[in-house]
Amino acid sequence: MSERKEDARRASVAIRAATAGADVADESFRTDLEVEYKDGKTDVVTQVDRDAQTTVIEVIEEAFPADPIVGEEDDALKQVPETGPAWIVDPIDGTNNYVNESRAFATAVAAVRDGEPVGAATVCPALSDAYRVGPEGAFRNEEPLSVSDCGDPEAATVCPTFWWDFDDREQYAGATRAIVERFGDMRRFGCAQLELAMVAAGTLEGVMTNLRTNSWDTVAGVHLVREAGGTVTDLEGNRWRHDSTGLVASNGEIHGELRAATREAHFTGE
């Protein structure tokens, strides 16, 4: 099988796996959940996260039993292999939203080869939205995606993503200030994969963080943005990859201004 056909097959498995995991999450949404805490008061996990990840992995392993799998929960790998095929899984991105009965959560699955995504899916069951990306492009509910054409920062809406620890709240404040001083409006949804998908769909003009992110929170969404015509870089303007510091994702039109805002936040308090 050619590499292109193999990548198309992986993209197909990604949407199937993400849908299966999202179904598990959806079944228990707005039910009585037992919540556990990992590293802080807002870093939560539930048994549903683990069950959804197990379901996603089962779908992947049925099709590609030898592939390594990177995942957020339990003993899955935490580092993306630099060579060969691999999978990156977030069973419930936005678990805080999930346990608080907010619809802004997603199951995300990305297939990568040599660290670069070749197919991905982000399924938001409570919103009835399924995003997918593969060799034929990026789609939401089978409609082609395209980033916004807004080039005026004062008309643009931008989202600061990821959670700044309590020791980094000056940077959080700096990010908020940089956005409201430069752009028309700001949103924050608490689900990075959904936020990136919204950039791909043209709902947001940009998403930014100065932090180094987790691959399971980002790779699927970054692939969506790029395939929908957007731009994703690190703080320095280099092409973003899973181990970059900072993530600046935009429609391309406001990217310079958004990167400047991200750098401003990064150096706040230094």
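Predicted model: local features only at pLDDT ≥ 70, side-chain atom pairs only at ≥ 80, totals over all residues.
Good morning. I begin with helix α7, whose buried residues are H255, L258, A261, T262, A265 and H266. Buried here means under 20% relative accessible area, exposed means over 50%, and partly exposed lies in between, computed with a 1.4 Å probe on protein chains only. Seen down the axis of α7, these buried residues fall within an arc of 140 degrees, so they line one face of the helix. The arc is that of the directions from the helix axis to the C-beta atoms.

Residues are numbered from 1 along each chain as its sequence is written, and side-chain values use heavy atoms, with hydrogens and water left out. Helices (H or I, at least four residues) and strands (E, at least two) are DSSP runs, numbered from the N terminus.

Let us return to α7, residues 255-266. Its 12 residues should span 16 Å at 1.5 Å a residue, and its end C-alpha atoms are 16 Å apart, which agrees. The expected span is 1.5 Å times one less than the number of residues. Against what do the buried residues of α7 pack? They pack against β10, α4 (169-182), β12, β13 and β14 (245-250). Contact means heavy atoms within 4.5 Å.

Several of those elements belong to an open sheet of five strands, with the order β11-β10-β12-β14-β13 and mixed pairing. The edges are held by β11 (185-186) and β13 (231-233), each with a single partner strand, so one side of each is left without a neighbour in the sheet. Two strands pair if DSSP finds at least two bridges between them.

I shall now walk through this sheet. Strand β10, residues 157-160, pairs with strand β12, residues 206-212, in the parallel sense over three bridges, and C159 stands opposite V207 in β12. By contrast, β12 and β14 run antiparallel and are joined by five bridges. Within β14, T245 is the bridge partner of R212. The pairing of β13 with β14 is antiparallel too, over three bridges, with T231 opposite S250 in β14. As for burial, β14 is mostly covered, five of its six residues being buried.

Next comes helix α4, which has 14 residues and reaches 20 Å from its first C-alpha to its last, close to the 20 Å expected at 1.5 Å a residue. Which residues of α4 are buried? They are Q171, Y172, G174, A175, A178 and I179. Viewed down the axis of α4, they fall within an arc of 160 degrees, so they line one face of the helix. On the other side of α4, E170, V180 and E181 are exposed. The cover over the buried residues of α4 includes β10, β11, β12 and α7.

Leaving aside its neighbours within four places in sequence, Y172 is in contact with W164 and R188. The C-alpha atoms of Y172 and F162, which are 10 residues apart along the chain, are separated by 9.6 Å.

I turn to a pair of helices. Helix α5, residues 192-201, and helix α6, residues 215-227, pack at an angle of about 5 degrees, with their axes 8 Å apart. That makes α5 roughly parallel to α6. The contact includes L196 and V199 of α5, and W216 and L224 of α6. Axes are lines fitted to C-alpha atoms, for helices over the stretch in contact, and angles run from 0 to 180 degrees between N-to-C directions. Angles under 35 degrees count as roughly parallel, over 145 as roughly antiparallel, 65 to 115 as roughly perpendicular, and the rest as oblique.

Strand β3, residues 69-71, pairs with β4 in the parallel sense over three bridges, whereas β4 and β5, residues 106-113, pair in the antiparallel sense over seven bridges. V89 of β4 is the bridge partner of G71, and V109 in β5 is the bridge partner of V89.

Strand β7, residues 129-134, has five of its six residues buried, so it too is largely enclosed by the rest of the structure. A hairpin of two residues joins β7 to β8, and G134 stands opposite G137 in β8. Thank you.
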